[in-house]
Amino acid sequence: MSESIIEAQDLVKIYRKTKVPAIDGLTLDIKRRGIFTLLGRNGAGKTTFLRIATTQLVPTSGTMRVFGIDVMEDPKSIRRRIAITPQEARPLFTLNPRDHIALSLMMRGASRAEANAKIDPVLRTLDLADVGKVHSEELSGGLRQRILIAMTIVCDVELMFLDEPTIGLDPLGRRKVWQELIRLKNKEGRTIVLTTHYMDEAEALSDDLAIIDRGHVLAKGNPREVKQRNIGPKTRVDVAEGFTFEELSSYGTTIRAGNLLRVFTTDEVAQEISREALRRKVPISISPVTLDDVFVQLAGGEIEEEERKVENQEEEPQRGVLTK
Amino acid sequence: MTVQETRRHETLSQSIRRNLRTAGAIGYYLGILPMVRIPTLLPFVFATPFTILFILYIGGEGQLITSALAGALVMTVAQQGLILGADLTVFKIDHKFQAISVASPVSSFTYMFSIALSELVFAAPPVIVLLLIINHAGVGLFAILEIISVILLTWITTSSIGFFLSTYVLNTRTAFITVTFISTLISILPPVFYPIKILPAYLRPLAELTPTTHASILIQSLEGVHFSSQQITLSWVALPIFAVAFLSLALFKARWRES
């Protein structure tokens, strides 16, 4: 049995209307039994990748194999073994959470009795038991999203796709979903492919991840590897006041992060900034580099480059990339 | 062996049983259950066909009742078949239910058939009322069974049109406008509610290009209206051909998987 559950080779997808490649020569392997996360900006090609893998969308060129089966040659054999929570889906009118879960199972051939046996456990898992018989249109956005997740995780399939599954969920709801996904991976040996914009989610869940942009893989590996490979320094220092951009640039790579100035540097230099901050009596925050930082650096690189060009045209350069 | 592994080796009979179960589940949850839970939807199914029936009955002083009854029956079924297109578009765009279904063992035929079946159940109350009226007017049981077969062929034809359209339409607004337009085009404009003989001769061949014209002719003939044997034969041949043609279009040309 192949180690990879999904293999994309030189995959290209160009939508007829836009004519712009949503995926442009993507080559990517996803291993069996684990949680794989696709990260990328809006329009990076994440959903397109998922739609091709789930046999909803025909690629323009290249190959995609799921379970070793070509998505173009034998999609039926793939469909039996997968389930998806699409992005921005909504539960069906007049149906309650119990109905949705029963429908999801019975449309795959489960009997009423088999479906009934699985409904209550999954409702309890996702904290939907109290609203099991409430019509979906009367539920909050977060609860509706949990119904859609429940419809997928209840299925007895080897490979699940979740396209931005925790969008709209509160922090506790997200953690409930995380726990269940980790349980499905560890206890039931499932493979889960998800997309998300939450970097903490990707970091907390992923065995492996890929950051893609316009259909190209910018980085791939486990979260620790991706951070190590793509941002040299391991420490970041956030400063709200008391330092200028130019001053901080002399300590390491410095960027603006909202109202903060953020320096990526080594532990030793961070201590040095800390001592200086103490002398100036200004607060600072020191923390390890996050996946969010890597993402901004990789996926946001082009934006920053463009912004920098605009700034350079308008005024003297402010932003330096200096290291001490 | 997991359920998935069992499924990979299922026999033909197991596959048929699973597909029937799938059709039953989708039809029940997407069609029947909403009707049971929101019974106030039911009057809408009666509204248009019975309004036209009433107007023709009053306006025609009872003379047009036979064709009007046939028209109401055909329109009820045709309308529900086409509404399938609008409903499927909502399921596809708003609920992403088509995406969930494509990424599952559900085939496009099972998906279409199960939701179309639920639409037929939705159309059942007015159809039963109309059949009871026709039966009360003296049409025998055997003829009623023939009328039911005409209704089923019309249902297959219009449901296939509805399904085909839904896979191409990109937004719900367009879907509803298209469905209303086609419904008018095939249920009101051609001789469905009125006798074909009152149409100018040069327009009759055009009218016969619509499946609902043939459905209405057949029902009217079963109600006792005289038509030539060639016309009856033509309609009995044309209606199944329309059904097979549009079903083939739905099965082989609908965009179940997007390109």
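The questions below take up a predicted model and ask what its labels rest on.

Q: Why is I119(A) called buried?
A: Buried means under 20% relative accessible area. I119(A) has a relative accessible area of 2%, so I119(A) counts as buried.

Q: What does I119(A) touch beyond its sequence neighbours?
A: Leaving aside residues up to four places away in sequence, I119(A) touches R98(A), I101(A) and A102(A). Contact here means heavy atoms within 4.5 Å. The C-alpha atoms of I119(A) and D99(A) are separated by 9.0 Å, although these residues are 20 apart along the chain.

Q: How do you know that the length of helix 4 of chain A agrees with its number of residues?
A: Helix 4 of chain A covers residues 112-125, and at 1.5 Å a residue its 14 residues should span 20 Å. The end C-alpha atoms are 20 Å apart, and therefore the two values agree.

Q: Where does helix 4 of chain A bend, and what follows?
A: The bend is about 25° and is placed at I119(A). A proline, P121(A), follows within four residues.

Q: Which residues of helix 4 of chain A are buried, and what covers them?
A: A115(A), I119(A), V122(A) and L123(A) are buried. The cover includes helix 3 (97-106) and helix 5 (141-153) of chain A.

Q: What makes phi of D127(A) worth noting?
A: Most residues other than glycine have a negative phi. Phi of D127(A) is near 55°, a positive value in a residue other than glycine. D127(A) follows helix 4 of chain A and lies in the loop between helix 4 and helix 5.

Q: Is D127(A) buried, exposed or partly exposed, and why?
A: Partly exposed is the class between the buried limit of 20% and the exposed limit of 50%. D127(A) has 45% relative accessibility, so D127(A) is partly exposed.

Q: What are the phi and the surroundings of T94(A)?
A: Phi of T94(A) is near 65°, again positive in a residue other than glycine. T94(A) is in the loop between strand 6 (82-85) and helix 3 of chain A. Its relative accessible area is 3%, so T94(A) is buried.

Q: Why are strand 2 and strand 5 of chain A said to stand at the edges?
A: The open sheet has four strands in the order 2-1-4-5 (chain A), with antiparallel pairing. Strand 2 (21-31) and strand 5 (69-70) each have a single partner strand, so one side of each is left without a neighbour in the sheet.

Q: Which residues touch the most other members of the largest nonpolar core?
A: This core has 89 residues, and those touching the most other members are L103(A), L181(A), L30(B), L73(B), Y111(B), I147(B) and F163(B). Helix 4 (residues 65-93) of chain B gives the most to this core, with eleven residues. The contacts of L30(B) include L92(A) and L103(A) as well as F91(B), F97(B), I115(B) and S118(B). A second, separate core has 30 residues, among them I5(A), L57(A), M64(A) and F67(A).

Q: Where are the domains of chain A, and how far apart are their C-alpha centres?
A: Domain 1 covers 4-227 and domain 2 covers 233-288. Their C-alpha centres lie 38 Å apart.

How values were computed:
Residues are numbered from 1 along each chain as its sequence is written. Chains are lettered from A and ligands numbered from 1 in the order in which they are written. This is a predicted model: local features need pLDDT of at least 70, side-chain atom pairs count only at pLDDT 80 or more; totals for chains, interfaces and linings use all residues. Side-chain values use heavy atoms; hydrogens and water are left out. Two strands pair if DSSP finds at least two bridges between them. Helices (H or I, at least four residues) and strands (E, at least two) are DSSP runs, numbered from the N terminus. Domain bounds come from an automatic or database domain assignment. The expected span of a helix is 1.5 Å times one less than its number of residues. The bend at a residue is the angle between axes fitted to the seven residues ending there and the seven starting there. Buried means under 20% relative accessible area, exposed over 50%, partly exposed in between (1.4 Å probe, protein chains only). A nonpolar core is a set of buried Ala, Val, Leu, Ile, Met, Phe, Trp, Tyr and Cys residues joined through side-chain atoms within 4.5 Å.
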